[in-house]
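Dear colleague,

Please find below the sequence and structure that I am handing over to you.

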Amino acid sequence: MKRRFKVVFNREKCKGCELCINFCPKGILALDPEVNAKGYHPAGIIDQEKCIGCASCATMCPDYCISIYQLEDGEEYDTSESQAGQM
Ligand code: SF4
Ligand code: SF4
């Protein structure tokens, strides 16, 4: 079975520098149109299903805002904390 990953962002720590977005080989990260408490547009993931778990995003983030988890077989995505562009 294909391995699946969940990417979780700490949106309140994120400063919207876009490094993770620029280094994601799948192009599935984007800034949220809404700002966080610090006034930055935080990064989030658009399409969890396409994530290959390469961890480039987490490696590039200077503020350690990104965590990546491998999902168990049949486990569902909980995107409530990480989805970009959900207003
Ligand atoms: S783990 Fe890799 S593919 Fe998944 S969101 Fe991060 S950079 Fe993109
Ligand atoms: S690299 Fe880190 S601080 Fe920069 S936009 Fe991505 S999550 Fe936010």
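A residue is called buried if 20 or more other C-beta atoms lie within 10 Å of its own, exposed if 12 or fewer do, and partly exposed in between, with the C-beta atoms placed from the backbone. This is a predicted model, in which local features need pLDDT of at least 70 and side-chain atom pairs count only at pLDDT 80 or more, while totals for chains, interfaces and linings use all residues. Residues are numbered from 1 along each chain as its sequence is written, and chains are lettered from A and ligands numbered from 1 in the order in which they are written.

Overall arrangement

The protein chain contains two helices and four strands; helices (H or I, at least four residues) and strands (E, at least two) are DSSP runs, numbered from the N terminus. Read from the N terminus, the order of the elements is β-α-β-β-α-β. The protein chain has 87 residues, of which 23% are buried. Two residues are in contact if their C-beta atoms, placed from the backbone, lie within 7 Å. Among contacts in the protein chain with a separation of 6 or more, 72% join residues 24 or more positions apart.

The two ligands

A residue is near a molecule if its C-beta atom, placed from the backbone, lies within 6 Å of it. Ligand 1 has 15 residues around it, and those that come nearest are Cys 24, Cys 51, Cys 54, Ser 56 and Cys 57. For the make-up of such a shell, Ala, Val, Leu, Ile, Met, Phe, Trp, Tyr, Cys and Pro count as nonpolar, Asp, Glu, Lys and Arg as charged, and the others, Gly among them, as polar. The shell around ligand 1 holds twelve nonpolar residues, two polar and one charged.

Ligand 2 is likewise surrounded by 15 residues, the closest being Cys 14, Cys 17, Cys 20, Ala 43 and Cys 61. The shell of ligand 2 is made up of eleven nonpolar residues, one polar and three charged.

Residues beside the ligands

Ser 56, listed above for ligand 1, belongs to helix 2, which spans residues 56–60. Ser 56 counts as partly exposed because 19 other C-beta atoms lie within 10 Å. Apart from neighbours within four places in sequence, Ser 56 is in contact with Phe 23, Cys 24 and Pro 25.

Not counting residues up to four places away in sequence, Cys 14 touches Phe 9, Asn 36, Tyr 40, Pro 42, Ala 43, Asp 63 and Cys 65.

Tyr 40 is partly exposed because it has 17 C-beta neighbours inside 10 Å. The C-alpha atoms of Tyr 40 and Cys 14 are 7.3 Å apart, although 26 residues separate the two in sequence.

The nonpolar core

A nonpolar core is a set of buried Ala, Val, Leu, Ile, Met, Phe, Trp, Tyr and Cys residues joined through C-beta atoms within 7 Å. The largest such core has 13 residues, and Cys 20, Leu 29, Cys 57 and Ile 66 touch the most other members. Strand 1 (5–9) and strand 3 (43–45) are the elements that give two or more residues to this core.

Leu 29 lies in strand 2 and is buried because 24 other C-beta atoms are within 10 Å. Beyond four places in sequence, Leu 29 touches Cys 20, Ile 21, Cys 24, Ala 43, Ile 45, Ile 46 and Cys 57. For Cys 57, the contacts counted in that way are Val 7, Cys 20, Phe 23, Cys 24, Leu 29 and Ile 66.

Two backbone angles

Most residues other than glycine have a negative phi. In Glu 18, however, phi is positive, near 75°. Glu 18 is in the loop between strand 1 and helix 1, and is partly exposed because 14 other C-beta atoms lie within 10 Å. Tyr 64 also has a positive phi, near 50°. Tyr 64 is found in the loop between helix 2 and strand 4 (66–70), and is exposed because 9 other C-beta atoms lie within 10 Å.

Yours sincerely
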